[in-house]
Amino acid sequence: MRSQLQRHGNRRPSAPPPPSLPLSRRLQGTPNFSLSPRVSFNPHPLVLNPVLRGQELEFIHRSCSTVGYRPNVFSTTLSHLIATDCGHLILPFLSIRDRIKEKVEGFFGCEFELFVEFTGLISWCKGAYIGWHSDDNRPYLEHRDFAAVCYLNNHEEHFKGGLFRFKDGGPSFVTPVAGDVLMYTADIRNIHSVDEVLDGERLTLTLWFTRNNEHDEDAKLISLLSQRLLNCEVETLKFCFPSPPPDNMYWFSHDQFGFDIRNARLNILGFQLFSSCNGADSSSDPLELLSKPLRLGRGDEIFHKEFANGLHALQVVQFYYWKAPLISAARRKTEGNIKPRQPFVTEKKGVSKLDLPCDHQIVKRVLGHTCEMSDYSFSWDDFDLAIEMWEEYVKSLHRDLIVLLPYWVSNQSIFFVNPSELQKCDI
Ligand SMILES: O=C(O)CCC(=O)C(=O)O
Ligand SMILES: [Fe+2]
């Protein structure tokens with residue numbers, strides 16, 4: 001513990017300003033990086049198994065992702081989580097982020113500590129691909145030195161297509177396997193591509209690293225977090241309800257039409273959204289209603305509790321599916337001892353179904369094969385239990401975040417340490 005704190009307390013010196021030569025040339029002349037072509041590094045992806053909190057990251061992505069930087073790609077960035085008042089959800093990223101950073105520094109023999117420039121969950125749905133490119137191939141990306149892609153699900157099992165390919169040298173392709181981390185320099189020595197995804201949702205945790213501290217992601221995230229959490233009390237759950245940013249971040253557009261990703265992810269799991277405003281808001285844009293209090297329905301039933309907005313409802317639904325095996329096992333164990341909590345379900349009085357623009361055929365084509373988790377037989381009883389568990393989960397992460405933030409501010413670096421360990425160290 002002590003050594004972990006000291007490590008973070010005394011960051012290694014950061015790199016001097018980068019010389020003007022391109023990275024590829026610099027590496028050839030630097031003993032630490034004498035293995036300049038990628039093929040003379042370990043040709044196989046480094047395997048970090050098991051992926052720390054992989055299912056949790058999947059839950060976060062399915063509940064928080066926005067449309068991404070390429071067609072049919074969705075992404076969840078740490079800054080987006082903070083901007084939607086879900087800063088506590090960055091905590092599950094931190095151990096694996098630290099571990100990957102250490103591995104990249106070790107693997108490439110970095111003399112100076114690297115800075116994380118970007119951390120994000122990125123999913124590639126049917127039709128997504130990227131042709132030959134290097135990761136520093138735009139003027140605004142020139143500072144990127146290294147890339148690490150951690151695969152969170154399996155080729156063939158969860159998606160088809162989507163192989164990673166290197167243009168030169170070996171291995172010529174990489175088959176994504178959950179837990180594998182692929183690391184490469186971001187420059188032209190590692191021109192690569194991703195084959196078109198033919199089915200399913202290919203999920204990765206992608207990080208880029210830089211030696212230029214002006215592009216340190218941590219500094220920006222700490223400043224964002226400090227602004228958002230300025231007057232926040234540890235016990236206030238109200239603050240932990242997600243607050244949606246502009247709707248266009250969730251709008252997947254295809255030709256003239258498309259769908260809202262929040263609504264689509266609910267629909268493919270069999271849920272519909274209902275608004276309690278009876279007619280008063282009928283003239284407003286239905287997409288705006290996604291930011292207002294909503295109810296959830298399935299078939300003819302409507303759940304009695306109200307959600308703060310569409311993101312809140314989606315987060316609870318995805319949490320339910322993440323925890324469904326646990327919840328149903330607990331219920332089986334206690335069968336007979338616990339009274340069913342029914343009735344939870346109300347009739348469709350005083351609510352109206354949200355009439356959102358949605359091209360169901362495109363939803364099915366892009367996201368249709370991602371609903372394997374809907375196999376669990378659904379129960380409102382279990383769902384109600386999941387709401388309580390979600391609230392506990394959020395409160396506990398939120399508490400940790402409030403404790404850790406001052407340490408991050410004073411180190412100007414984001415890291416994870418168990419808060420109870422921190423308190424022991426302070427004494
Ligand atoms: O997901 C991958 O395997 C690589 C993605 C990639 O090349 C990129 O985003 O630049
Ligand atoms: Fe790339």
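In which helix is E56 found? E56 is found in helix 3, in a predicted model whose local features need pLDDT of at least 70, whose side-chain atom pairs count only at pLDDT 80 or more, and whose totals for chains, interfaces and linings use all residues. Residues are numbered from 1 along each chain as its sequence is written, chains are lettered from A and ligands numbered from 1 in the order in which they are written, and side-chain values use heavy atoms, with hydrogens and water left out.

**Overall architecture**

- The chain contains twelve helices and 19 strands; helices (H or I, at least four residues) and strands (E, at least two) are DSSP runs, numbered from the N terminus.
- Of the 427 residues in the chain, 52% are buried; buried denotes under 20% relative accessible area, exposed over 50%, and partly exposed the range in between, with a 1.4 Å probe and protein chains only.
- Among contacts in the chain with a separation of 6 or more, 81% are made by residues 24 or more positions apart, where contact denotes heavy atoms within 4.5 Å.
- The chain has an accessible surface of about 19400 Å², and carbon and sulfur atoms account for 52% of that surface; accessible areas come from the Shrake-Rupley method with a 1.4 Å probe, and for residues only the protein chains shown count as cover.

**Helix 3 and E56**

- Helix 3 (residues 54-64) is largely enclosed by the rest of the structure, because nine of its eleven residues are buried.
- The buried residues of this helix are G54, E56, L57, F59, I60, H61, R62, S63 and C64.
- E56 has a relative accessibility of 6% and therefore counts as buried.
- Apart from neighbours within four places in sequence, E56 is in contact with P92, W322 and Y393.
- The side chains of E56 and Y393 are joined by a polar contact of 2.7 Å; a polar contact is a pair of N or O atoms within 3.5 Å, and within protein one must be able to donate a hydrogen and the other to accept it, while residues adjacent in sequence count only if both atoms are side-chain atoms.

**The iron ion (ligand 2)**

- H133 (NE2), D135 (OD) and H192 (NE2) coordinate the iron ion at 2.1 Å; donors are N, O and S atoms within 2.8 Å of the metal (3.2 Å for Na, K and Ca), and sites may look incomplete because water is not among the atoms.
- The spacing of the donor residues in sequence is H-x1-D-x56-H.
- H133 lies in strand 5 (residues 130-133) and H192 in strand 11, so the pair ties together parts that are 59 residues apart in sequence.
- Both H133 and H192 are buried.

**The surroundings of ligand 1**

- Ligand 1 is surrounded by 13 residues, of which the closest are Y69, H133, Y151, H192 and R202; a residue belongs to these surroundings if one of its heavy atoms lies within 4 Å of the molecule.
- The side chain of Y69 has an N or O atom 2.6 Å from an oxygen atom of ligand 1.
- For H192, a side-chain N or O atom is 2.9 Å from an oxygen atom of ligand 1.
- R202 has a polar side-chain atom 2.8 Å from an oxygen atom of ligand 1.
- On its own, ligand 1 has 300 Å² of accessible area, and the protein covers 97% of that area.
- At least two residues of the shell come from each of strand 6 (144-151), strand 11 (192-194) and strand 12 (197-210).
- Strand 12 contributes the most to the shell, with three residues.
- The shell consists of eight nonpolar, three polar and two charged residues; Ala, Val, Leu, Ile, Met, Phe, Trp, Tyr, Cys and Pro count as nonpolar, Asp, Glu, Lys and Arg as charged, and the others, Gly among them, as polar.

**V317 in helix 9**

- V317 is placed in helix 9 (residues 310-333).
- V317 counts as buried because its relative accessibility is 0%.
- Apart from neighbours within four places in sequence, V317 is in contact with L266, L269, F271, L296 and F383.
- V317 and L266 are 51 residues apart along the chain, and their C-alpha atoms are separated by 7.7 Å.

**Loop residues with positive phi**

- E156, a residue other than glycine, has a positive phi near 75°.
- E156 lies in the loop between strand 6 and strand 7 (159-161), and is partly exposed with a relative accessible area of 45%.
- Q412 is not a glycine, yet its phi is positive at about 50°.
- The loop between helix 11 (380-411) and helix 12 (419-426) holds Q412, which is partly exposed with a relative accessible area of 37%.
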